[in-house]
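User: Hi! I'm new to this one, could you walk me through it?

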Amino acid sequence: MQNVTRAVALMALMLFAGGVLRAEERGTIDPPRRLTDEQSRVAAANYQRYCALCHGVDRQGYVNDHAPSLRSKSLMRTGVPHEVLRALSYGREGTAMGGYLDEVGGPLTLDETWDLTYWLFWQSGAGDRVDIQKDLIAGDAVHGEALFKENCTSCHGDEGQGVTAPAIGNRSALAHNSDEFIRYAIANGREDTPMVAWKDILSPKDIDDLTAFLRSRADGWKAQKIALKPLPTPDQYVLNKDGEDPGFELRDGMHVSSKDLLAAIQAGKRMVLLDTRVVSVWQRVHIEGSIPLPYYTRLDEVVRDLPKDVQIVAYCSCPRAAAEHVVNQLRRRGYTRTAVLYEGIFGWMNMGYPVARGELAPS
């Protein structure tokens, strides 16, 4: 009876104050389901194949493109399942993080994305999960913007685009992440990363205001589903089959500039363009005429369709890591006519160079 009275009194206090309990004040919930040995084996293999290039073989993060640590207990205690699962499944539009779920063109089934999410949780040793809810955080977004500019831009960028830390202003991330998830990350930081616990620096109201500001950056965003295009067939791999060789002079024996590649395309030069990102982002936007050959492809199964006597140029968005990974594998297999687009596709697009975009699926 005493506990019931206390709970009623607490509820009344919340209603009177017009506020809600913060996640750390509400307690914990049980961890997710355990995986079978086979599910764990497959999930571990999928991690190494699809995630390790950017997040690190030991989930340490920041190996390429500021990909965050996936061994943070704070992240796993608050982000599993949905905040981690949605990022894995659908990616982060405008960043190097593509969607890995098969329904958006990725390589994983829904069951595999769930198992990989849970595998990450159990590998982190997070224990119980924080009781994250979907409550909105009330705060002063104008004051939050001032706090963001003062404290966050050196790592996260002026527009939250990410500099040496993840892109926290990304609209798809803000659409997927609850206010409480965002607030908890600010307040408690991420262990073993440069992200400190701001609860030791800012007041609770400041953190509410900062959360409200970040939430305001998601206004007007809505999910758009892309109609999947058929993948190119081997007879479509070579651009301008009757054209001349582009004769690139490679920087460091590896890289070609966007300027030189555009000139070669416009001149009708003969080449093969490889998009080494996950296929889901090729579906959304790619350089016209490129073929998807993700960095995790088992090359021995596909190289028979790639000519060795035609210049091959690979690109990615990170801006070179995945493309260099593929090109180095090709070179070990005797493909000497290979190069990497130095600026990556984001650099290409920032220069105003043309791309092919996916069409929206009928609603």
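This is a predicted model: local features need pLDDT of at least 70, side-chain atom pairs count only at pLDDT 80 or more; totals for chains, interfaces and linings use all residues.

User: Good to know. How many helices and strands does the chain have?

Analyst: There are 16 helices and 9 strands. The chain has 363 residues, and buried ones make up 47% of them. Among contacts with a separation of 6 or more, 70% are between residues 24 or more positions apart.

User: Let's look at S4. Which way do its residues point?

Analyst: S4 covers residues 272-275. Val-272 and Leu-274 point one way, Leu-273 and Asp-275 point the other way, and all are buried.

User: And what does S4 pair with?

Analyst: On one hand there is S7 (residues 312-315), paired with S4 in the parallel sense over 4 bridges. On the other there is S6 (residues 291-292), which runs parallel to S4 and is joined to it by 2 bridges. Leu-274 stands opposite Ala-314 in S7 and opposite Ile-291 in S6.

User: What about S8, are its faces covered or open?

Analyst: Both faces are covered. Thr-338 and Val-340 lie on one side, Ala-339 and Leu-341 on the other, and all are buried. S8 runs parallel to S3, with 2 bridges joining them, and parallel to S7, with 3 bridges. In S8, Leu-341 is the bridge partner of Val-256, and Ala-339 is the bridge partner of Val-313.

User: Switching topic: which residues touch the most other members of the largest nonpolar core?

Analyst: Those are Met-76, Leu-274 and Leu-306, in a core of 49 residues.

User: What does Met-76 touch?

Analyst: Leaving out residues up to four places away in sequence, Met-76 touches Leu-70, Val-84, Leu-120, Phe-121, Ser-124, Ala-126 and Arg-129. There is also a second, separate core of 15 residues, including Leu-261, Ala-264, Ile-287 and Tyr-315.

User: Now H12. How far does that helix reach?

Analyst: H12 (residues 204-216) has 13 residues and reaches 18 Å from its first C-alpha to its last, close to the 18 Å expected at 1.5 Å a residue.

User: Where are H12's residues, buried or exposed?

Analyst: Of its 13 residues, 10 are buried, so H12 is largely enclosed by the rest of the structure. Among them are Ile-207, Leu-210, Phe-213 and Leu-214, and also Asp-206 and Ser-216. The buried residues of H12 pack against H8 (141-151), H10 (171-176) and H11 (179-188).

User: Last topic: how many disulfides are there?

Analyst: A search of the whole structure finds 0.

User: Why don't Cys-152 and Cys-155 form a bond?

Analyst: Their sulfurs are too far apart: the closest cysteine sulfur to that of Cys-152 is in Cys-155, 8.7 Å away. A disulfide needs the two sulfur atoms within 2.5 Å.

User: Is each of the two buried or exposed?

Analyst: Cys-152 is buried, with a relative accessible area of 11%. Cys-155 counts as partly exposed, at 32% relative accessibility.

Note on methods. Residues are numbered from 1 along each chain as its sequence is written. Side-chain values use heavy atoms; hydrogens and water are left out. Buried means under 20% relative accessible area, exposed over 50%, partly exposed in between (1.4 Å probe, protein chains only). Two strands pair if DSSP finds at least two bridges between them. A nonpolar core is a set of buried Ala, Val, Leu, Ile, Met, Phe, Trp, Tyr and Cys residues joined through side-chain atoms within 4.5 Å. Contact means heavy atoms within 4.5 Å. The expected span of a helix is 1.5 Å times one less than its number of residues.
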